[in-house]
Amino acid sequence: MYNVIFLGAPGSGKGTQGEVVAKELKLAHMATGDLFRKAIERGDELGDTVKSYMERGELVPDEITISVVLKHLAGLKDVSGIILDGFPRSLRQAEALDEALVKQGEGIGRVIYINVPEDELVRRLSGRWVCRSCQSPYQCGCAEVAEGKCSRCQGELYQRPDDTPETVKERLKVYFSKTAPLIEYYRSKGKLSEIDGMAEITEVTKRIISAIKCGK
Ligand code: AP5
Ligand code: MG
């Protein structure tokens, strides 16, 4: 399997790019935030547990997140690889992932770090609308947001409850303290490709695909 990690702050474009790149390269796409939001919608035990952490903009505890991800990976069938969007987000998660992949004789192919300045992250998150059914993100000002409908699946668009200014502030704080250290972790392993996330969406896609294909 060719495993790719999408690393980047909230609003850097992991979800936007994850969908398109996965389709283009025929890889599976797993976003931990999406898995948790689906659990909340189902109202199951996992959903009840993760809800309060997500509402506060905190990370869901490592042991819960790791077990959800490993279970998801174990259930994959007939895939040539996967894009891990938003996982790992702490050193402990990164080490658990390494360990699990090594046990299966696998590893991380590439880590795509999408770099976007903080003021732009705040701007994007405050203007984001998301499809309730397929989770595609849109930005205020586009036709889909004007109509309130997803152009991919016709689902209803909504604003995530954790995209409020206070929660965004907390999510960014958590990102810089817990997740940003993974940039050096993967750089030191020679796995990191840094992508300028300020370009147009289609241009960012091209650069990510090229980094994955060239392995640098
Ligand atoms: P999650 O859902 O992963 O949220 P996040 O990391 O905060 O990231 P976002 O989804 O907000 O941003 P994104 O990078 O996907 O950006 P997007 O493509 O939407 O996690 C939510 C919560 O779940 C966490 O806070 C935590 O509680 C929990 N959780 C998840 N994973 C966890 C883990 N591993 N461990 C513990 N807890 C975990 O784009 C944003 C906007 O910008 C969109 O409107 C888009 O249209 C626009 N945009 C994208 N690219 C561009 C561009 N190039 N130019 C202009 N606009 C653009
Ligand atoms: Mg996302």
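Residues are numbered from 1 along each chain as its sequence is written, and chains are lettered from A and ligands numbered from 1 in the order in which they are written. Because this is a predicted model, local features need pLDDT of at least 70 and side-chain atom pairs count only at pLDDT 80 or more, while totals for chains, interfaces and linings use all residues; side-chain values use heavy atoms, leaving out hydrogens and water.

**View 1. The shell around ligand 1.** Here 33 residues surround ligand 1, and the closest are Thr16, Glu58, Arg89, Gln139 and Arg171. A residue belongs to this shell if one of its heavy atoms lies within 4 Å of the ligand. By residue class, the shell divides into 12 nonpolar, 12 polar and nine charged (Ala, Val, Leu, Ile, Met, Phe, Trp, Tyr, Cys and Pro count as nonpolar, Asp, Glu, Lys and Arg as charged, and the others, Gly among them, as polar). Helix 1 (14-25), helix 2 (32-42), helix 6 (118-126) and strand 6 (137-139) each supply at least two shell residues, and helix 2 gives the largest share, with four. Helices (H or I, at least four residues) and strands (E, at least two) are DSSP runs, numbered from the N terminus.

**View 2. Polar atoms facing ligand 1.** A polar side-chain atom of Arg89 lies 2.4 Å from an oxygen atom of the ligand. Taken alone, ligand 1 exposes 1000 Å², of which the protein buries 94% (areas from the Shrake-Rupley method with a 1.4 Å probe).

View 3. Look for Ser90 in the loop between strand 3 (81-85) and helix 5 (91-103). Ser90 counts as buried because its relative accessibility is 6%; buried means under 20% relative accessible area, exposed over 50%, and partly exposed in between (1.4 Å probe, protein chains only). Not counting residues up to four places away in sequence, Ser90 touches Asp62, Lys178 and Leu182, where contact means heavy atoms within 4.5 Å. The Ser90 and Asp62 side chains also make a polar contact at 2.9 Å (N or O atoms within 3.5 Å; within protein, one must be able to donate a hydrogen and the other to accept it, and residues adjacent in sequence count only if both atoms are side-chain atoms).

**View 4. Cys140 and Cys142.** The structure holds zero disulfides (cysteine sulfur pairs within 2.5 Å). For Cys142, the closest cysteine sulfur is that of Cys140, 8.0 Å away and therefore too far for a bond. With 23% relative accessibility, Cys142 counts as partly exposed.
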